[in-house]
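Here is a short briefing on one protein chain. Have the sequence and the model side by side as you read.

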Amino acid sequence: MKIKDVRAFEIDFSKVRSKPKSTVAKKSMYEFLGGKYYVREGRQPAGPMERFPKYRKDRGKAGPKWGPVACVVEAEDGTFGVGTTVFSGPVIPIINEHYRSNLVGEHAMATEKIYDMMMRLSAAYGSQGVTSYAISAVDLALWDLKGKLLGRPVYELLGGPQKDKIFCYATGFDVDWYLELGFRAIKLPMPYGPMDGIEGLRKAEALVAETRERIGDDIELMLDCWMALDVEYTVRLAEVLKPYRLKWIEDYLMPDDMDGFEQVRHRVPSQGLATGEHWYLAQPFSLAAQRRLVDIFQPDPKWVGGVSACVRICHIAEGAGLSVIPHGGMNDPFGQHIVFAMPAATWGERSGGVSPPGVSLTEMVDLPGTAVIEDGYLVPSDAPGFGIDVDRAWLEKTAV
Ligand SMILES: [Mg+2]
């Protein structure tokens, strides 16, 4: 079976969603990633632009206005697979103007060959970063297509299921609501950074101490610093927060600062460390595994290079005795199938705001057919492919 067409287009979920208006993500990246839900005492989470005062009040200002993307790969018999990603501006031309002509006519089941082709086709302009978002969308669509052609769920094609159900954690500030939903692990966004100096450290401690007090000792607690810190601030923060037994501190440095990650690893040896949502393709994970830079890898299936990249990263992690908890992995079916199948993948993250208090997780589904977390655990759909239940008319309706 050959590939007949590969096509990417910008989508707007608000056109097809029936969920409450207040929970519908807008087009800005900041809102799409759930940033608008993460506000505490008027402060959004800190980020890499924190040092420039004009961005400190509104982190959304720093993001591009590019929207989400769907990629549809169609086989000769008309069967099609769907993958999604973000950053429509640069991603759509990479797929439609470069990959498409090279991939049409290729074997529809040849995910290994096509992943390798996409890396090599983009070598001259860089296969990591925005290109790996394009690679992800095509790769996810191909895996969905493969599952549909074979009539099996993707987790079976990957050798799973490896677990009965996926233990999930929630990211955000609505701690009481997450507990009510049944989550037993919670991750707080970090609203303070080096620009807040010692006051920021004090406030960070107050936030974590108050949360630990509220959730007790039997709920795991983590902290996500979204590229906002530096080595010195991370070390001081880890020392201040030691009494609160954080399972991990996450994404504390700029993603390319590999020497910085090594410094932190050596200076706070006992603290669990996690990162990887801004690393692309398998190579940075291989280097990080060799140097044992963190304990937990957090590739995003929709950004890192799709299922094909995640499988490589899971194998690298397993060989090095590390674990994988994909970024936002429970938000859509892609990460759900990967975590269900792979032994290195231990937990699932529900982010993007989880759901506002009182709104059920079922109402937050973007892609019809997406399995929903119940009482803190998730079992993916066993329908063919990723189980995404959309037809041509739905896809046309979402197109911008
Ligand atoms: Mg994160």
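An unreviewed UniProt entry annotates residues 170-269 as "domain: Mandelate racemase/muconate lactonizing enzyme C-terminal". UniProt positions follow the numbering used here, feature names are shortened, and annotations may be inferred rather than shown by experiment. The model is predicted: local features need pLDDT of at least 70, side-chain atom pairs count only at pLDDT 80 or more, and totals for chains, interfaces and linings use all residues. Residues are numbered from 1 along each chain as its sequence is written.

**Annotated stretch**
- Residues 170-269 are 47% helix and 15% strand. Helices (H or I, at least four residues) and strands (E, at least two) are DSSP runs, numbered from the N terminus.
- The end C-alpha atoms of this stretch are 26 Å apart.

**Helix contacts**
- Leu201, Ala204, Glu205 and Val208 of H8 meet Arg236, Leu237, Val240 and Leu241 of H9. Contact means C-beta atoms, placed from the backbone, within 7 Å.
- Ile95 touches Val6, Ala8, Cys71, Arg100, Ala134, Ala137 and Val138, leaving out residues up to four places away in sequence.

**Backbone points**
- Gly160 and Pro161 are joined by a cis peptide bond, with omega about 0 degrees.
- Pro161 lies in the loop between helix H6 (154-157) and strand S4 (166-171).
- Trp226 is not a glycine, yet its phi is positive, near 35 degrees.
- Trp226 counts as buried because it has 23 C-beta neighbours inside 10 Å; Asp375 has 11 and counts as exposed. The cut-offs are 20 or more for buried, 12 or fewer for exposed, and partly exposed in between, with C-beta atoms placed from the backbone.
- Asp375 also has a positive phi, about 50 degrees.

Terms used:
Contact = placed C-beta atoms within 7 Å.
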